[in-house]
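Work through the exercises below with the sequence and the 3D structure open beside you. Each task is followed by a solution that goes step by step.

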Amino acid sequence: MSEDIGPHISIKAEKIFEIFGFPVTNSLITSIIVTIITIILAVYYKKQTTASKKNGFYYLMKFFVNSIYEMFRSVLGDKIDKFFPILFSFFFYILLQNWFGLLPGIGSILIRITEGHEQILVPLFRGNNADLNTTLGLALISVSLIQYYSIKYMGIKGYLKKFLNFTNPIMFFLGILEIISEISKVVSFAFRLFGNIFAGEVLLTIIAFLVPVLASFPFILLEIFVGLIQALVFAMLTTVFISNAIAEHH
Amino acid sequence: MTADAMKLLATALAIGLGAIGPGIGIGIIGGKAVEALGRNPDAESPIRTTMILAIAFAEAIAIYALVIALILKFT
């Protein structure tokens with residue numbers, strides 16, 4: 001039991017239980033729930049596209065998909081149809097994760113677990129993007145995709161030429177800078193998403209402890225907006241990097 | 001000076017100094033966006049989208065400082 005009655009803020013996800021030595025953290029539980037919700041929504045939407053009588057959900061989703069499609073098409077041009085599924089998946093999954101973390105009960109339902117010899121209270125659910133492991137995973141997927149498409153569109157020779165170029169000393173040092181910039185993409189993707197969502201959670205917790213009634217309301221609206229913007233920024237940055245990586249350099 | 005006091009000072013300095021740059025940046029972005037809007041009021045929606053994206057990038061730098069501050073505070 002913790003004696004202090006201050007807000008419970010932990011920078012890393014806490015372990016709830018283990019399955020054969022595999023630690024299941026509270027953010028993993030949330031992640032599984034959100035993944036299932038995403039799959040259900042996607043399958044339902046797919047079913048609706050062929051239905052003869054479509055309902056409101058279909059038109060809402062279509063509006064969403066259409067506006068994101070138009071926005072990404074202005075960056076990628078006619079290659080958009082090849083990349084749109086993965087980019088929209090990034091956007092939609094991160095958006096659902098961010099908004100799911102704002103629901104009542106996430107972070108406020110506590111359960112008692114035994115750690116070592118003492119019992120401690122930890123939240124059962126945790127907003128998934130407030131865990132650095134999740135955002136690091138998403139960032140690694142995104143940067144790997146960028147490398148994969150770069151090799152696919154420019155050939156292995158053109159890809160390596162971007163990093164190792166011995167024609168003159170300036171190009172050689174630019175190649176080293178390129179390698180550093182690829183690595184820093186991972187860090188910046190991961191920290192941007194993690195920082196925004198975790199900072200939002202800390203902000204909401206602190207405000208709720210300062211003024212218990214009504215004061216968190218405008219901040220929750222702000223967090224809904226931030227969640228949308230961060231999901232958009234993640235997908236948009238991936239788009240811009242992919243469009244840079246597959247463009248021919250002269 | 002004790003280690004705890006040092007830690008508090010480091011937390012405050014990390015976020016305080018880290019917020020200066022993005023603050024200036026966001027100010028410049030907003031000002032330029034309004035300027036562009038004044039010149040071409042028809043292009044409001046692309047300007048707004050670009051502005052929000054650019055602000056999110058500038059804000060990310062403040063968020064890096066915030067992450068450092070939070071790590072210092074809560075570990």
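Buried means under 20% relative accessible area, exposed over 50%, and partly exposed in between, with a 1.4 Å probe and protein chains only. This is a predicted model, in which local features need pLDDT of at least 70 and side-chain atom pairs count only at pLDDT 80 or more, while totals for chains, interfaces and linings use all residues. Residues are numbered from 1 along each chain as its sequence is written.

**Exercise 1.** Classify I20(B) by its accessible area.

Solution. Begin with its place, which is in helix α2 of chain B; helices are DSSP runs of H or I with at least four residues, strands are runs of E with at least two, and both are numbered from the N terminus. Because its relative accessible area is 47%, I20(B) is partly exposed.

**Exercise 2.** Describe how strands β3 and β4 of chain A pair.

Solution. Strand β3 (residues 110-115) and strand β4 (residues 118-123) of chain A run antiparallel over 6 bridges, where pairing requires that DSSP finds at least two bridges between two strands. Within this pairing, T114(A) stands opposite Q119(A) of β4(A). The two strands form a hairpin with 2 residues between them, and G116(A) in the turn has a positive phi of about 70 degrees.

**Exercise 3.** Find which elements the buried residues of α1(A) pack against.

Solution. Among the buried residues of α1(A) are I29(A), V34(A) and Y45(A). The buried residues of this helix pack against β1 (15-19), β2 (22-25), α2 (56-76), α3 (80-100) and β4 of chain A, contact being heavy atoms within 4.5 Å.

Note on methods: Chains are lettered from A and ligands numbered from 1 in the order in which they are written. Side-chain values use heavy atoms; hydrogens and water are left out.
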